Amino acid sequence: EAGIDVRLGEIGAAIQETMESYEVEVGNKVYPGMLVPLHGLVGTNGRRAVKAIENLSGHSINLYQIHGGKSVMLVKNEDQTKMEEGEYFAIETFGSTGRGRVVESGDVSHYAKIVDAPHVPLRLQSAKSLLKSINKNFGTLPFCRRYLDRAGESKYLLALNHLVAQGIVQDYPPLCDARGAMTAQFEHTILLRPTVKEVVSRGDDY
């Protein structure tokens, strides 16, 4: 469905229809991709057993900026923004057997320097040193604490939290659905060329 001049809201509707029309079997248990009865009422008080997660999305990708500003929701919506020639998009699909909505929960492990981060005078010398290391090793690309360890950093948590508090680095907490629910994510990256939609992430295994 994706292509030049296609509206993002239409893509969301197509993603939702596709994801919620398939059944999934896990451990001999089938999660139907159709309305299932609640309280014995079919069609009037039903829910889908497999849901597209409504508050997650795919996104456009800019140079050294993973989230480029345009969002591709996974559910039907009224976004009239159009895809444009030359744009890259990460088309991400997140499915769930739970609520179909996630919340932030748990310890943060992933971060990224904000592309248009303000120039803030840093009082902590450790924060200045850590920011220099982040700029050198990652720029504005995402990283996790393990990558900081590999870059030779240690005892950096206070400095890292200070950079987050100053609006220089964005933290990304884990996103969780209902306890016990199963979730899954698949993704491809596409490039909208003048006459073709190229799936640049396609390989022999996926």
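**Entry 1: strand E6 and its partners**

I began with strand E6 and found that 3 bridges join E6 to strand E8 (residues 88-96), the two running antiparallel. For a landmark in this pairing I noted isoleucine 61, which stands opposite tyrosine 88 in E8. I then looked for another partner of E6 (residues 57-61) and found strand E7 (residues 71-73), again antiparallel and joined by 3 bridges. Here serine 57 stands opposite methionine 73 in E7. A reminder to myself: strands of a sheet pair through backbone hydrogen bonds, either parallel or antiparallel.

The mean pLDDT of the protein chain is 90, and 92% of its residues reach 70 or more. Which elements have the lowest and the highest mean pLDDT? Strand E3 (residues 35-36) is the lowest at 46, while strand E11 (residues 143-144) is the highest at 98. I marked residues 34-46 in my copy, as the pLDDT there is below 50. Beyond near neighbours in sequence, that stretch has 15 contacts in the model. Where pLDDT is low, the predicted coordinates should not be read in detail.

**Entry 2: from E8 onward**

I found 9 bridges joining E8 to E14, and the two run antiparallel. Phenylalanine 89 has isoleucine 190 as its bridge partner in E14. E14 and E15 (residues 197-199) pair in the antiparallel sense over 3 bridges. They form a hairpin, with 4 residues between the two strands.

**Entry 3: the domains**

I looked up the domain assignment next. Domain 1 takes in 6-102 + 176-199, and domain 2 is 110-172. The C-alpha centres of the two domains lie 31 Å apart.

**Entry 4: the sheet with E10**

I turned to an open sheet of 3 strands, which has the order E11-E10-E12 with antiparallel pairing. Which strands stand at the edges? They are E11 and strand E12 (169-172); each has a single partner strand, so one side of each is left without a neighbour in the sheet. Strand E10 (residues 110-113) is joined to E11 by 2 bridges. In that pairing histidine 110 stands opposite cysteine 144 in E11. Helix H4 lies across E10, E11 and E12, and runs at about 105 degrees to E12.

**Entry 5: H4 against H2**

I stayed with H4 (residues 157-165) to see how it meets helix H2 (residues 125-137). The two pack at an angle of about 80 degrees, with their axes 8 Å apart. Angles of 65 to 115 degrees count as roughly perpendicular, and H2 and H4 are therefore roughly perpendicular to each other. Which residues make the contact? From H2 I listed Ser126, Ala127, Leu130, Leu131 and Ile134. From H4 I listed Ala159, Leu160, His162 and Leu163. By class, the contact of H2 with H4 has 7 nonpolar and 2 polar residues, with no charged ones.

Note on methods:
Residues are numbered from 1 along each chain as its sequence is written. This is a predicted model: local features need pLDDT of at least 70, side-chain atom pairs count only at pLDDT 80 or more; totals for chains, interfaces and linings use all residues. Side-chain values use heavy atoms; hydrogens and water are left out. Axes are lines fitted to C-alpha atoms, for helices over the stretch in contact, and angles run from 0 to 180 degrees between N-to-C directions. Angles under 35 degrees count as roughly parallel, over 145 as roughly antiparallel, 65 to 115 as roughly perpendicular and the rest as oblique. Contact means heavy atoms within 4.5 Å. Ala, Val, Leu, Ile, Met, Phe, Trp, Tyr, Cys and Pro count as nonpolar, Asp, Glu, Lys and Arg as charged, and the others, Gly among them, as polar. pLDDT is the predictor's confidence in each residue, from 0 to 100. Domain bounds come from an automatic or database domain assignment. Two strands pair if DSSP finds at least two bridges between them.
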